[in-house]
Every structure is written in structure tokens, then in C-alpha cells.
Amino acid sequence: MRWRILLAVILCCAFSVKAQLRTFVADIDTAQWQLSLNNPLSCQLIHDIPAYGKAIFTSQANKKSNLNFTLDMWVKPSKLTKVQLQSMAPKWRPGTVGQVLAELDFYPSFNGELLDGLAWSMLAQLNSGMQPTFSYLDWYNKQDRVSVGLSSANFKSTYESFRACVSQLLPYSFEDIAFTVLSYRSGSDQLTDMAQHQLARVNAYLAVDPSVELVLIDAYSDSYGSRQYNQTLSQDRADSLKAILVASGIDNDRIVTFAHGEKRQVASNRSIEERDKNRRVVIKIIKS
């Protein structure tokens with residue numbers, strides 16, 4: 001009887017699955033980094049991780065510096081997964097001490113995401129020759145551990161191009177100029193100094209975003225003067241703005257103007273300040 005129990009234990013051990021460490025990282029000969037987006041609206045740095053997915057760093061035009069990191073996985077997590085992000089030495093730098101950068105959560109059916117500080121830290125580690133590595137228990141087999149590394153091989157030259165791109169991003173986003181109100185000098189089609197600055201931002205954005213489908217220009221006047229004069233003045237203002245946008249390269253067919261004259265006023269006309277508010281042009285930008 002004892003020998004049967006002993007045999008069963010031996011067989012059980014023989015057929016048990018040993019814990020494994022599955023590692024995904026590009027080797028020094030095949031590691032590549034690519035600057036996939038390089039324009040005043042968006043900069044994107046991509047790294048292929050063989051048999052696993054992609055590492056993607058993205059920075060976009062905005063009022064403040066921003067960086068988003070995405071671990072784009074071929075197979076998404078099936079459940080909430082605790083992940084450790086470490087800075088590890090690549091195998092060609094034996095003896096170099098690494099460090100833990102963060103403890104993270106990967107959510108079911110989503111890619112891994114990091115923002116700003118940690119994303120910049122990962123780039124700094126890569127630039128110093130280290131290998132940012134994500135480590136977690138396999139969500140399909142708890143006995144296995146998965147290690148996903150970003151190789152620092154062939155990184156520096158592309159990173160310099162990425163940094164140059166980031167430095168040239170527009171200091172504002174689409175949301176900042178999608179609805180823009182411009183003010184005019186009294187009885188004139190001349191913009192105020194502030195409005196000229198705002199128009200320059202709109203112009204700069206439209207010049208680099210091919211996804212803009214339509215620009216709507218609504219021109220208004222105050223009620224100082226005759227209605228016909230104010231109607232004509234608002235039309236002149238709308239036409240003048242359209243001419244400026246067309247001259248900067250915007251397709252004429254994508255710009256639609258409306259002259260409202262004294263209609264739809266937003267303030268009374270009793271004071272100079274109130275008339276200033278009514279003397280305006282609203283630019284609305286629609287993109288795909």
C-alpha cells in the first residue's frame with residue numbers, strides 16, 4: 001500500500017508544471033525605435049517587442065508638457081493584474097544595479113498606460129542604457145511570470161529626434177482654438193491686438209491639421225450706426241477673415257461665412273465696453 005502512495009507522489013511530481021519565466025524583449029541586433037509621428041501636433045516614438053506588442057510614447061500639442069506611454073499588447077489582460085515596473089540592466093551590462101520605478105495596475109481588456117512623470121522616467125532610463133521592464137504573474141497561468149522589456153539598443157539617435165519634435169509642438173491644442181471669439185476696433189474691420197494674436201494661433205493650427213473639415217465664421221456688429229451699415233460691416237469682417245485663412249493655405253470650400261449685423265447681440269449697447277462685446281467674429285472649427 002505504501003509503495004502505491006509513494007508511486008502516486010512520484011508521478012504527481014513528474015507531471016506537475018514547473019513555474020516558468022517568460023521573457024519578451026528585442027535583442028541588441030534587432031531592436032529598433034521609430035519616430036512614427038513628427039509634426040507640430042503630435043510626436044510618437046514606437047518600439048516593437050517581438051511576440052508581444054509595441055511600446056508607444058506619445059506627446060501632443062497642448063498648453064503644458066505632456067507624455068503618454070502605452071504598452072500595446074497583442075493579448076490584453078483578462079483580469080486586474082498587479083505589475084511591477086523596474087529599471088533593469090540589459091544582459092550586455094552585467095553587474096549594473098537596477099531599481100523599482102513603480103507598482104502598477106493593468107486593467108482587464110485594456111493596454112497598459114502611464115502618464116507624464118513615469119513615462120519621462122522610462123525615457124531617461126532608456127537614454128542611460130537601462131531597460132525598463134514590466135513584470136507580472138501570467139493572467140492565464142499563475143505559475144508563470146511574464147517579463148516585458150524595452151530595449152535601449154539603437155535608442156539614443158531616435159530619442160534625440162523625438163525630443164526635437166516635442167520642442168516644436170504647438171503650445172495649445174485643438175480644444176483651445178476650436179471656438180475662438182475675435183474682437184474689432186469700433187467702426188472698423190481691424191482686429192484688436194489681442195484678436196490678432198488669437199487669429200495667428202488659429203492660422204498656425206489650421207496650417208498643420210489636415211483633419212479639419214469645416215471652418216465657420218460668424219460676424220456680428222454693435223448697433224452704433226444704421227442697420228444696413230452694420231450688416232455690410234459684419235460682412236466685410238467675415239470676408240476679410242476668410243481671405244486671411246485662404247491666404248494661409250486653407251481650402252476656400254472649407255470656409256463658410258455668415259454676416260449677422262446687429263442680430264444676436266450678447267450685451268446692451270449703452271456703453272463702450274458693452275459695444276465691444278457685440279463687435280465680434282466667432283470662428284468655429286469642425287474636424288473629422
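## Cysteines, core and sheet

Guide: Cys43 is buried, and Cys165 is too; buried means under 20% relative accessible area, with a 1.4 Å probe and protein chains only. This is a predicted model, where local features need pLDDT of at least 70, side-chain atom pairs count only at pLDDT 80 or more, and totals for chains, interfaces and linings use all residues. Residues are numbered from 1 along each chain as its sequence is written, and side-chain values use heavy atoms, leaving out hydrogens and water.

Visitor: Is the disulfide of Cys43 and Cys165 left-handed or right-handed, and why?

Guide: Cys43 and Cys165 are joined with S to S at 2.0 Å, and a disulfide is a pair of cysteine sulfur atoms within 2.5 Å. The torsion about their S-S bond is about -90°, so the disulfide is left-handed.

Visitor: Which residues touch the most other members of the largest nonpolar core?

Guide: A nonpolar core is a set of buried Ala, Val, Leu, Ile, Met, Phe, Trp, Tyr and Cys residues joined through side-chain atoms within 4.5 Å. The largest has 34 residues, and those touching the most other members are Phe57, Phe69, Phe134 and Leu150.

Visitor: What is the bridge partner of Val215 in S14?

Guide: Strands here are DSSP runs (E, at least two residues), numbered from the N terminus, and two strands pair if DSSP finds at least two bridges between them. Strand S12 (residues 212-219) and strand S14 (residues 280-287) run antiparallel, joined by 7 bridges. In S14, the partner of Val215 is Ile285.

Definitions and conventions
Buried means under 20% relative accessible area, exposed over 50%, partly exposed in between (1.4 Å probe, protein chains only). Helices (H or I, at least four residues) and strands (E, at least two) are DSSP runs, numbered from the N terminus.
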